[in-house]
Amino acid sequence: MHKKDSENKNINKYNVYIKTFGCQMNEYDSEKIIDILGTKKQIEIVKQAEKADIIILNTCSIREKAQEKVFSDLGRIKEIKEENPNLIIGVGGCVASQEGHEIIKRAPYVDIVFGPQTIHKVSSLIDSRILNNKPQIDISFPEIEKFDSIPLPKITKPTAFVSIMEGCSKYCSFCVVPYTRGTEVSRPFEDVLLEIADLANNGIKEITLLGQNVNAYRGVIGQSKEIADLAMLLEYIHEIPGIERIRYTTSHPREMTKRIYDAYVNLPKLVSFLHLPVQSGSDKILSAMKRGYSSIEYKSIIRNLRTARPGLKVSSDFIVGFPGETEDDFKKTLALIEDVGFDTSFSFIYSPRPGTPAANIPDINSHEIKLQRLQRLQSLINDQAKNISQSMLHSTQRILIEGVSKNNANELMGRTENNRVVNFACNNSNIGDLVDIKITQINSNTLRGEINYAQ
């Protein structure tokens, strides 16, 4: 704690700065870290690292040179610690899981290191660091214990993430997730339902179910030891009073089943939007990636989903420049994009990750070729997204009001089912309301609308 503040602050109160790298799972974990610290200590979240008593980097190792970016950040934080020797520095997430003790060797001023499965131990690791005056490391995989120790969040908006499973057992050749988050482990069925029921009782209207392969969920049902799949979980969540919208991410094509298709037929609260990573449109590259499906099988899944739910919008992930990708392979990816008509995407140049099989495959393409392909792919998907937005003009969209507009404090904002942000005049509406909005204007990143009073 800064000396200049110590006389005016309770010694047990900590200013906390947390920086999150990567995906929604990490965003979820960061929120839970804050909740966990808040139940054990008096904390205040600050936006500047220089004002913090505790700094936590919640890391992601998906991208190339992730470790070096973390150590680069740690180098800057070291200067803060030199000014404030009592500063606690923590490194969590997938880089922590992957690097472990190496973090302390390279940055001995780091105080605690914890993995994705041990975020619930953050407060006790800090206490042990202070008590023993030694760095604390816990990157174990205690499976479900993490979820048993996480408190309910403070409700500040009508939407919430709920993690229902962790890890991945697919072992795609390019991915480190099975090594940093472990293999697939699902939370018990009743635990998930109780958490969502509690959230609904506290005003949550929209739930997003999270998992590395969320549709691989297989939760144990009570003492019966029967297993609930994602479709059964969706059916039960659909009946929880107060829950009006259900989303889930991220899905794997290999885990799409007829029961999930049926959920889109029978569960109107399940939104008409799905993120389903395909990665490539070339069967040769998909095989090298060990994805377990072909481009035709992927398109068949989309066709079945849209038969079940006409108008379903789909987003995806793409890796450009995977080792061995030829121009013909890349053109097959563009052809798949044109066939499917994706709404949005997350697309990246391939990054070799140490310890993964793909890191040993010879790379035939220069960075310039990969960058050019990425730009072509993103241009195509951006055009498709613009066309989808344009098709929404003058339509009426059901919006969940999430908060005040970032552009105008006198307006509110909400999201369509396909995640378009819509800004509109407040009128008599409140945060958490579901309202019908007529779309009146298409902007580059958002939509504009007005309440349809004929609803």
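Predicted model: local features only at pLDDT ≥ 70, side-chain atom pairs only at ≥ 80, totals over all residues.
## Overall form

The protein chain contains 15 helices and 21 strands. Its radius of gyration is 23 Å, close to the 23 Å that the globule rule gives for 455 residues, so the chain is as compact as a globular protein of that length. Along its principal axes, the C-alpha trace spans about 60 × 60 × 50 Å.

Of the 455 residues in the protein chain, 54% are buried. The chain exposes about 20600 Å², and carbon and sulfur atoms supply 49% of that area. Among the contacts with a separation of 6 or more, 72% are made by residues 24 or more positions apart.

Three strands form an open sheet in the order β14-β15-β16, and their pairing is parallel. From one strand to the next, the twist averages 10°.

Strand β15 (residues 313-320) is joined to β16 by five bridges. Within this pairing, Asp-317 has Phe-346 in β16 as its bridge partner. Helix α15 (residues 367-391) packs on the sheet and touches both β15 and β16. The direction of helix α15 makes about 170° with that of β16.

Strand β20 (residues 434-442) takes part in two antiparallel pairings, one with β17 and one with β21. Five bridges join β20 to strand β17 (residues 396-404), and Arg-398 has Asp-436 in β20 as its bridge partner. Five bridges also join β20 to strand β21 (residues 447-451). Here Ile-439 stands opposite Gly-449 in β21. Strands β20 and β21 form a hairpin, with four residues between them.

## Cysteines without disulfides

A search of the whole structure finds zero disulfides. A disulfide requires two cysteine sulfur atoms within 2.5 Å.

| Cysteine | Closest cysteine sulfur | Sulfur distance | Relative accessible area |
|---|---|---|---|
| Cys-94 | in Cys-60 | 5.8 Å | 5% |
| Cys-168 | in Cys-175 | 6.0 Å | 9% |

The sulfur of Cys-94 lies 5.8 Å from that of Cys-60, which is too far for a bond. For Cys-168, the sulfur of Cys-175 is 6.0 Å away, which is likewise too far for a bond. Cys-94 is buried, and Cys-168 is buried as well.

## A buried asparagine in a loop

Asn-215 is located in the loop between β10 (206-210) and β11 (218-221). Leaving aside neighbours within four places in sequence, the residues in contact with Asn-215 are Leu-230, Thr-250, Ser-251, His-252, Glu-255, Met-256 and Ile-260.

Methods: Residues numbered from 1 in each chain as written. Heavy atoms only, no water. Pairing = 2+ DSSP bridges. Axes fitted to C-alpha atoms, helices over the stretch in contact; angles between N-to-C directions. Contact = heavy atoms within 4.5 Å. Buried < 20%, exposed > 50% of the residue type's maximum accessible area, 1.4 Å probe, protein only. Rg over C-alpha atoms; globule rule 2.2 N^0.38 Å. Areas by Shrake-Rupley, 256 points an atom, 1.4 Å probe, with all protein chains shown as cover.
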